[in-house]
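Look over the sequence and the model before reading on.

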Amino acid sequence: MFQLGDEVTLYSLVFVLALLGTRSPVWSTVITTSLCLFLAMFRFPLVATSRARQVLHPVAGKVSAVAHRGGGHDAPENTLAAIREASRNGATGVELDLEFSADGIPILMHDETVDRTTNGSGPLSKMSFSELRRLDAAAKHRFRSKFVVEKIPTLEEAVKECIKLQLTIYFDVKGHPDEAAATLKDMYKRYPVLYNSSIVCSFEPKVIYRMRQSDPEVLTALTHRPWSLSTLGDGTPRFSSVWKHHWMTMMDILLDWAHHHLLWKLCGVSAFLIQKNFVSQNYVQYWAQRGVEVVAWTINTKVEKEYFQEVLHINYITDSLVEDCEPHY
């Protein structure tokens with residue numbers, strides 16, 4: 001729940017901004033009160049702490065290492081082979097990307113096109129599942145000779161494999177809020193074990209809100225990287241236009257504030273997935289006071305893993321369970 005300081009800060013800021021905009025104490029009070037009522041009526045409560053801990057810490061008292069895209073450095077990302085390899089290498093869970101084929105079949109894929117990871121070319125939105133199934137998902141991987149003709153799996157195939165291997169699943173939803181919520185709701189209904197062994201994550205608050213609307217018992221998390229609108233994952237400006245860069249920087253500041261003071265509460269998330277460069281002991285404590293756990297991404301060196309395990313004591317997402325590597329953003 002909001003701490004007292006959070007509520008005072010939020011409503012005071014809204015009141016001041018409304019006052020500056022309207023120059024009317026009456027209207028400022030109405031706007032601030034409306035926000036308060038909105039949050040009271042439409043926000044979702046946190047899932048029980050005991051169940052959140054069961055999902056996030058399947059091995060009691062231990063930090064969980066979660067294989068990013070199934071561990072895309074060790075095996076072809078978002079494939080059944082990656083899930084199996086992650087399990088063999090000691091992962092506690094796997095992060096998997098949910099996407100859809102042109103004919104609406106839920107599959108595992110990170111990008112909007114198949115070019116980077118397969119021997120095919122083109123956008124997912126133009127390719128049927130039967131077309132996608134004919135592609136080799138290991139074609140571009142460094143161990144492609146080891147993983148011969150790996151197929152793009154359906155979401156259900158991946159879920160069944162994770163359940164069999166007793167791996168926690170971090171469902172990463174990039175978009176399609178309505179379709180994703182309906183698909184995952186059906187998946188949880190058919191495989192109830194997921195309530196205690198999975199979490200739905202997204203950069204898009206709308207996805208998480210729709211998921212909680214569809215099934216408020218599902219554990220959820222917001223994913224966030226500060227300055228994501230104005231810069232790329234490696235820190236370089238996203239736009240060549242100076243004016244547009246500064247405008248997006250301002251939007252980044254607003255988005256960051258909303259994530260930390262409003263959106264998390266509205267969605268009732270149990271975890272906050274944050275890019276590793278912004279994690280500190282104070283940051284972990286900030287969220288702990290609100291009943292929310294921090295999960296860091298992407299942690300890819302031995303030194304980083306030791307720091308997050310032994311100093312911060314928080315879960316982390318990694319591209320490799322066995323060696324140092326460059327991160328995928």
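Is cysteine 162 buried or exposed? Cysteine 162 is buried, with a relative accessible area of 1%. (Buried means under 20% relative accessible area, exposed over 50%, partly exposed in between, with a 1.4 Å probe and protein chains only.)

This is a predicted model: local features need pLDDT of at least 70, side-chain atom pairs count only at pLDDT 80 or more, and totals for chains, interfaces and linings use all residues. Residues are numbered from 1 along each chain as its sequence is written, and side-chain values use heavy atoms, leaving out hydrogens and water.

**Cysteines**
- A search of the whole structure finds zero disulfides (pairs of cysteine sulfur atoms within 2.5 Å).
- The closest cysteine sulfur to that of cysteine 162 is in cysteine 201, 13 Å away, too far for a bond.
- Cysteine 325 is in no disulfide either; its nearest cysteine sulfur, in cysteine 162, is 20 Å away.
- Cysteine 325 also counts as buried, at 12% relative accessibility.

**Helices α7 and α8**
- Helix α7 covers residues 177-190 and helix α8 covers residues 205-214.
- Their axes come within 9 Å and cross at roughly 40°.
- Pro177, Asp178, Ala181, Leu184 and Lys185 in α7 meet Lys206, Val207, Arg210, Met211 and Ser214 in α8 (contact means heavy atoms within 4.5 Å).
- The residues of this contact divide into five nonpolar, one polar and four charged.

Methods: Axes are lines fitted to C-alpha atoms, for helices over the stretch in contact, and angles run from 0 to 180 degrees between N-to-C directions. Helices (H or I, at least four residues) and strands (E, at least two) are DSSP runs, numbered from the N terminus. Ala, Val, Leu, Ile, Met, Phe, Trp, Tyr, Cys and Pro count as nonpolar, Asp, Glu, Lys and Arg as charged, and the others, Gly among them, as polar.
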